[in-house]
Amino acid sequence: MRNAKFLPRKPRWRRTRALRAARVLDDVVDSQVASLPRLPEELRIRHADHLAELVLLAQAYRHYAVGWITWRQLECRGRLAVQRLGGDCCVPLVQLADGE
């Protein structure tokens with residue numbers, strides 16, 4: 001059996017901030033899950049998928065807080081979650097030079 005390799009401990013404020021972000025995501029999911037039965041089926045499925053994506057993102061924040069994943073891995077999981085949710089915030093920005 002292979003021993004788990006833990007990452008170096010994070011400063012306390014980073015762990016606290018990551019756990020706070022996970023709690024906020026949990027609160028969002030908890031507040032929205034009650035509305036699922038009232039939605040039409042096609043919206044219900046989409047809405048449930050979005051809530052599940054938020055649950056996975058909250059779990060990634062907890063994994064970062066305990067040192068199981070790096071900040072870079074957390075950022076990657078966040079970007080993937082936003083892409084799966086249909087957002088376009090991960091589109092690279094283009095800086096135009098003078099005259100363009």
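The expected span of a helix is 1.5 Å times one less than its number of residues, and helices are DSSP runs of H or I with at least four residues, strands being E runs of at least two, all numbered from the N terminus. The model examined here is predicted, so local features need a pLDDT of at least 70 and side-chain atom pairs count only at pLDDT 80 or more, while totals for chains, interfaces and linings use all residues. Residues are numbered from 1 along each chain as its sequence is written, and side-chain values use heavy atoms, with hydrogens and water left out.

The protein chain contains three helices and zero strands, which follow one another in the pattern α-α-α. Its mean pLDDT (the predictor's confidence in each residue, from 0 to 100) is 82, and 75% of the residues score at least 70. Of the 100 residues, 22% count as buried; buried means under 20% relative accessible area, exposed over 50%, and partly exposed in between, with a 1.4 Å probe and protein chains only. Among contacts (heavy atoms within 4.5 Å) with a separation of 6 or more, residues 24 or more positions apart account for 55%.

We can turn next to the interior. In soluble globular proteins, nonpolar side chains tend to be buried together. A nonpolar core is taken as a set of buried Ala, Val, Leu, Ile, Met, Phe, Trp, Tyr and Cys residues joined through side-chain atoms within 4.5 Å. The largest such core here has nine residues: Ala-22, Leu-25, Val-29, Leu-36, Leu-51, Leu-54, Leu-57, Ala-58 and Ala-81. Helix H1 (12–33) and helix H2 (41–65) each supply at least two residues of this core, and H2 gives the most, with four. Apart from this core lies another, of six residues, including Ala-18, Tyr-64, Ile-69 and Leu-74. Leaving aside residues up to four places away in sequence, Ala-22 touches Ala-58, Tyr-61 and Arg-62.

Helix H1 comes next. Its 22 residues should span 32 Å at 1.5 Å a residue, and this agrees with the 32 Å between its end C-alpha atoms. Buried in H1 are Arg-15, Ala-18, Ala-22, Leu-25 and Val-29. Seen down the helix axis, these buried residues fall within an arc of 95°, so they line one face of H1; the arc is that of the directions from the helix axis to the C-beta atoms. An α-helix has 3.6 residues a turn, so residues three or four places apart point the same way. The other side of H1 carries the exposed residues Arg-12, Arg-17, Asp-27 and Asp-30. H2 is included in what covers the buried residues of H1.

Although 22 residues separate Arg-79 from Leu-57 in sequence, their C-alpha atoms are 9.8 Å apart in space. After H3 comes Gly-86, with a positive phi near 95°.

Two further details are worth a look. Glu-53 has its place in helix H2 and is buried, with a relative accessible area of 11%. Not counting residues up to four places away in sequence, Glu-53 touches Ala-81, Arg-84 and Leu-85. As for aromatic pairs, rings of Phe, Tyr and Trp (its six-membered ring) pair if their centres lie within 6.5 Å, and planes under 30 degrees apart count as stacked, over 60 as edge-to-face and the rest as tilted. By this rule there is one aromatic pair. Tyr-64 and Trp-71 form this edge-to-face pair, at 5.7 Å centre to centre with 65° between the planes. Tyr-64 is buried, with a relative accessible area of 3%, while Trp-71, at 48% relative accessibility, counts as partly exposed.
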